[in-house]
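This report is for a reader who is new to protein structures. Please look through the sequence and the 3D view before reading on.

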Amino acid sequence: MTPHDYVRVGIVSSAQTLLKDAWDDLQHVDLISEAVSEALRGTGLGMSDVDFIINSGSDVLDGRSISNCGFLGAMGAHHKEESRVEEDGLWSLSYAHDKIASGSARVGVVIAYSKPSESSLTAYYSALVEPFYQRPVGLDHASAHGLQAAQYLAVHGVDEKELSVVAARAWERAAANSSVDTPQVPGLDEIATSPSVATPLRALHLSRPRDGAVAVVVASEQVARRSTSNPVWISGYGSSIDSQVLGEREPGSFPAAKAAAQRAYARAGVSDPRTFGIAEVSAGSAAAELMVVEALGLAEPGQGASAYDGAASTVLNPSGGALPADVVMATGLIRLHEAAGQLAGRLDRGAGSASSALVHGAGGLAHQNHCVFTLEV
Amino acid sequence: MTTGLNTPPGVSQKLAATIGLPYTLTTGKAVGSTITALASKRLTGSYCSDCQRTNVPAQDYCVGCGGEMSLIEAADTGTITAATTTPEHTLLLVQIDGASSPLLHRLVGPAEGAVPGVRVRAVWADETKALFLDLEGFEVADSEAAASSPVDTTVDDAMKEMPYRLDLDYQHSYGPYYGRLFDELAHHRRLVGSPCPQCHQVMVPPRERCDVCFARTTRLVEVQDTGTLQAFSIVHLEFVGQTRTPPYVYAEVVLDGSSTRLIHVLGGFEIEKARDLTIGMPVRAVWKDASQAQGTLADIEYFEPVV
């Protein structure tokens with residue numbers, strides 16, 4: 001099969017629940033069914049038209065083994081092909097894309113969710129760490145990001161203040177995003193003086209865990225054109241994974257994110273990523289966000305802050321990105337929902353009209369794994 | 001039966017749960033040898049001759065080429081390449097002398113002055129526990145210590161297994177549907193389900209969407225505490241998470257007025273009589289004393305055959 005035989009894959013619709021500190025009054029299934037129902041609404045597609053379901057979540061966060069098996073009804077997966085990916089929802093989308101592109105299915109629903117409020121995120125991240133050499137030493141989410149941030153600042157001679165500027169901007173944008181519950185928006189000073197958690201990182205430099213769910217309806221070009229007047233096309237994607245051992249990773253940059261992006265750009269025929277109208281990227285910390293932006297080619301190494309400039313050709317994280325709302329396992333797919341929604345005109349985050357978007361998701365401890373999608377209308 | 005889903009106040013909306021996972025981790029040669037050698041205050045690395053790469057602590061396979069690495073004795077001195085201080089401790093990346101990439105460990109001593117470029121040396125734990133923390137960490141070195149040159153090293157009695165335990169705590173939200181089921185159990189000793197408006201099956205526990213046709217359910221109905229035995233198994237094995245002592249009878253019961261199988265246990269008879277059970281026989285709930293009601297399905301002690 002040559003690339004010319006591949007079926008073009010379109011995003012028909014997508015939806016998310018409100019991203020909240022704690023959805024105390026709802027179960028995972030309630031969040032999932034809300035997102036799935038909303039994503040199908042108005043498409044003319046019913047669950048009987050859906051060929052397959054692929055979903056992302058974490059058994060450790062959910063507190064049950066093979067948790068997707070208990071969520072089948074809410075996902076609409078009864079007697080359908082159903083598969084679980086224990087990685088951010090963007091990876092689920094990559095498999096969904098391939099199923100449709102190869103012609104083996106026409107309509108799929110991709111779901112990602114989590115309720116970190118029900119469990120201990122520290123224990124979750126600790127469970128990701130290699131158990132002999134790294135876990136006993138006390139490596140966790142905050143300290144891994146702290147080491148990476150320290151390396152980033154040192155390698156590039158970046159001032160620590162940049163971290164607070166990046167975080168403040170993210171919060172400002174999230175405050176205008178009705179999909180994120182943001183009762184209090186910390187300003188620059190509050191961020192810069194928030195408690196130190198893992199030097200140079202302060203509490204508000206780290207992403208804030210949120211509960212939520214997101215669902216994306218994908219279809220072959222033929223079905224997509226019939227189901228919506230505003231299909232968004234997947235033009236490319238790529239993923240790449242780095243060493244699990246922190247010491248083996250390159251200090252100050254994310255080469256795996258760069259490799260993932262290069263793969264996506266090659267498929268999409270993109271030579272200059274600064275031609276994307278919108279970029280929605282994931283990050284566990286403000287320093288990680290700068291490293292992602294640089295790896296994607298939106299700024300030179302060490303110059304990530306310049307990508308936030310109003311003069312930059314690509315509008316970066318108009319939704320506010322992942323720092324104010326990190327739905328672990330779903331954050332990347334939420335970025336895609338944001339980007340696709342803006343391209344299709346369903347969502348307005350003040351980024352103006354755009355005809356292409358770049359989406360990034362990450363997984364593992366301190367961004368071991370990266371996935372990049374490119375979208376166009 | 002009312003159709004509202006509002007929950008009366010005073011009922012717990014969350015279920016506390018703990019999953020305790022006991023493991024026996026297999027260390028493999030490199031990790032086993034490295035941790036064992038720490039007891040004699042020796043740090044072990046590994047060397048790949050093809051890539052000329054040295055890893056400290058030792059790895060079985062080279063991250064560069066995937067080839068097998070040979071074990072070497074590593075220096076116990078090095079240079080800090082990165083540091084982060086948390087409220088609990090300072091973690092360091094230390095470039096051990098002769099190593100190709102830094103090692104992660106703790107700083108012993110004050111964080112001030114432990115910055116990239118500073119020389120450090122190993123601090124050994126007073127008491128060994130067959131863990132990587134038998135190397136307690138690294139302290140800032142007040143004088144230069146010469147790096148030892150790599151030599152082949154073997155540990156005859158290398159550990160092969162390590163006991164490990166992961167305990168995970170949860171607070172599971174009931175949500176409106178399970179919450180209502182549990183409230184009805186607590187306050188009225190009755191069971192409720194949600195009928196599907198499309199395929200008409202009645203689901204217990206109630207839920208927002210029909211499992212089969214994805215139609216949205218719109219109301220609750222009371223179902224009976226009597227039903228039909230749909231499947232059973234006599235459990236003799238002990239396993240983690242069990243709430244009863246074997247032998248006991250696991251059962252799936254379709255309650256009268258419902259369509260789904262409720263998982264519970266059978267009781268009220270000597271275990272030897274379990275051979276007389278038949279699929280399709282009628283059963284009924286035997287409730288715990290009202291004073292013990294907790295608003296869970298365990299308020300039903302067991303189901304017993306109706307004879």
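The sections below cover the model, a sheet, a core and a helix.

## The model

This is a predicted model, in which local features need pLDDT of at least 70, side-chain atom pairs count only at pLDDT 80 or more, and totals for chains, interfaces and linings use all residues. Residues are numbered from 1 along each chain as its sequence is written, and chains are lettered from A and ligands numbered from 1 in the order in which they are written.

## The sheet of chain A

Chain A has an open sheet of 10 strands with mixed pairing, in the order β3-β2-β4-β7-β1-β8-β12-β11-β9-β10. Strands are DSSP runs of E with at least two residues, helices are runs of H or I with at least four, and both are numbered from the N terminus. Two strands pair if DSSP finds at least two bridges between them.

At the edges stand β3 (81-85) and β10 (315-316) of chain A, each with a single partner strand, so one side of each has no neighbour in the sheet. Strands β4 (residues 107-114) and β7 (residues 212-220) of chain A run antiparallel and are joined by 8 bridges. A:Val107 has A:Ala219 of β7(A) as its bridge partner.

## A buried helix in chain B

Why is helix α1 of chain B largely enclosed by the rest of the structure? Of its 11 residues (28-38), 9 are buried, so the rest of the structure largely encloses α1(B). A residue is buried if 20 or more other C-beta atoms, placed from the backbone, lie within 10 Å of its own. Among the buried residues of α1(B) are B:Ala30, B:Val31 and B:Leu38. The buried residues of α1(B) pack against β2 (43-48), β4 (70-74) and β9 (135-140) of chain B, where contact means C-beta atoms, placed from the backbone, within 7 Å.

## The nonpolar core

The largest nonpolar core has 170 residues, and A:Ile32, A:Ile111, A:Ala215, A:Val216 and A:Leu296 touch the most other members. Such a core is a set of buried Ala, Val, Leu, Ile, Met, Phe, Trp, Tyr and Cys residues joined through C-beta atoms within 7 Å. Helix α11 (residues 286-295) of chain A gives the largest share of this core, 8 residues.

Definitions and conventions
Buried ≥ 20, exposed ≤ 12 C-beta atoms within 10 Å, placed from the backbone. Contact = placed C-beta atoms within 7 Å.
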